[in-house]
Amino acid sequence: IFEAMMKNLIIKQPEDPVPFLLDVLQKPETKRIFIMGPPGSKRKEHVLTLADNIEDFKYDHLCVGDVLNKEITKKSDSGKIISDARKNYTYPPDEIVIDLVTKQIEQLENKESKRNWIIEGFPRTRKQALALSKMDFIPDCMILLDVKDELTKERVKQNLTSEEAIVQVDQDKIPLILDEAVQEYHTHMEGVQDIYKGMISTIDGNQKQNTVLQEVARTIKLKVTNTPKRVPKIILFGIPGSGKTTQAIKIAEKLKVIHIQVRSLLKSQIKDYWNLVKDGMPIPDQTIQDIVRKRLEQIDVKINGFVLDGFPLNSDQMAFLINECNIKPTQLIFLEISDHKAYERLEDHIFDPETGISYSISSNLPSDEKIIKRLVKSPENEHHVVKKAIQRHKDFKIDIEKRVVAEQLTHINAENEPDQVFL
């Protein structure tokens, strides 16, 4: 119950939370399940079996393929476009799919009975995943059926040559269609997984159908009945050159959380960024806070959790994070490094102003002479700028250590090589 209340508060953000929560308590909580997988992964078969034949799964179900087929039979303009895409076994335009599926979801959500529901075949692309993330709910369970490419091709071929196929294709084109279908699936599914990093449960779809069905059922039961773990909210602290970004990338990859690199956000959203930092003066708190708040409010961060790199930089920003953004960090990590080592590392850093890519003078210079000629030292890494940043960090660290219980802080020696620090 508490989980449902908090989830609705996060999504709806009502002006008056008390009557809103009372209303949530009086309504049955709808469970929303999404099942994804490559062509031929038997998503539809599993959904129909779950919805119709298993006592615990009294769900309404929606098969996106059926929705698209219905549009084809209506001979609408959208149906013609979908039919053309089917002839090459490619994805229809996202705009059409999103529009059709959104209307179906709205019908499911507006039913008076407030039944649970399962959708198979959506989202299939990053754009569809982003559209889903903007809807007024967070999925309770997302399952990805992982099937070997060869098995996918075999099942797709059976579908294409079946007498029940909605669209007939040229037999000579089938081998090319199979290769392109698999490639298209992998390309687009990476985008979906990027949006819903920590939410997707992967199941081996190469097993016997009954075995896969049992695993799907077990996964759904676990997801919809167990309270989920608290999403990680990690903050990395360290002076310039301590390797915050390197470690944040590794943590994000391991924990499947969102890496929020505040410096990149500032560079992309502040036109005179370089002029602001070249003298070593900090960017105004309000400017940084507005940018960070917007990123923290995005749905991928709320769903997956985050590792924050480059914020907060002072006590006022820390207070803003806790009090105004209502963020309670699950872990505070200080990367400890000597000033001398930090200066040494930063002296080795140069970057390409055209691409923003950083390089190491001693270990990974590009092979292209044209790129080498335009490499420069970042204004942020100039000695006088770094010196001021180090002093501000030390003052901030002293203040945090006074305010936070020692058990909540983790201090890590960051002088070693990045892989050793991560371990």
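Select helix 5 (residues 77–87) and look at the face turned away from its buried side, where you will find the exposed residues Asp-77 and Lys-80; exposed here stands for over 50% relative accessible area, buried for under 20%, and partly exposed for what lies in between, with a 1.4 Å probe and protein chains only. The model is a predicted one, in which local features need pLDDT of at least 70 and side-chain atom pairs count only at pLDDT 80 or more, while totals for chains, interfaces and linings use all residues. Residues are numbered from 1 along each chain as its sequence is written, and side-chain values use heavy atoms, with hydrogens and water left out.

Now colour Gly-79, Ile-82, Ser-83 and Ala-85, the buried residues of helix 5. Viewed down the helix axis, they fall within an arc of 160° and so line one face of helix 5, the arc being that of the directions from the helix axis to the C-beta atoms. Among the elements that cover these buried residues are helix 4 (64–73) and helix 6 (94–109). Just after helix 5, stop at Tyr-89, which takes a positive phi of about 55°.

Next, show the open sheet, whose 5 strands follow the order 7-8-6-9-12 with parallel pairing; strands pair if DSSP finds at least two bridges between them, and helices (H or I, at least four residues) and strands (E, at least two) are DSSP runs numbered from the N terminus. Its edge strands, each pairing on one side only, are strand 7 (258–261) and strand 12 (409–413).

Finally, select strand 6 (residues 233–237) and strand 8 (residues 306–309), which run parallel and are joined by 4 bridges; Lys-233 has Phe-306 in strand 8 as its bridge partner.

Terms used:
Contact = heavy atoms within 4.5 Å.
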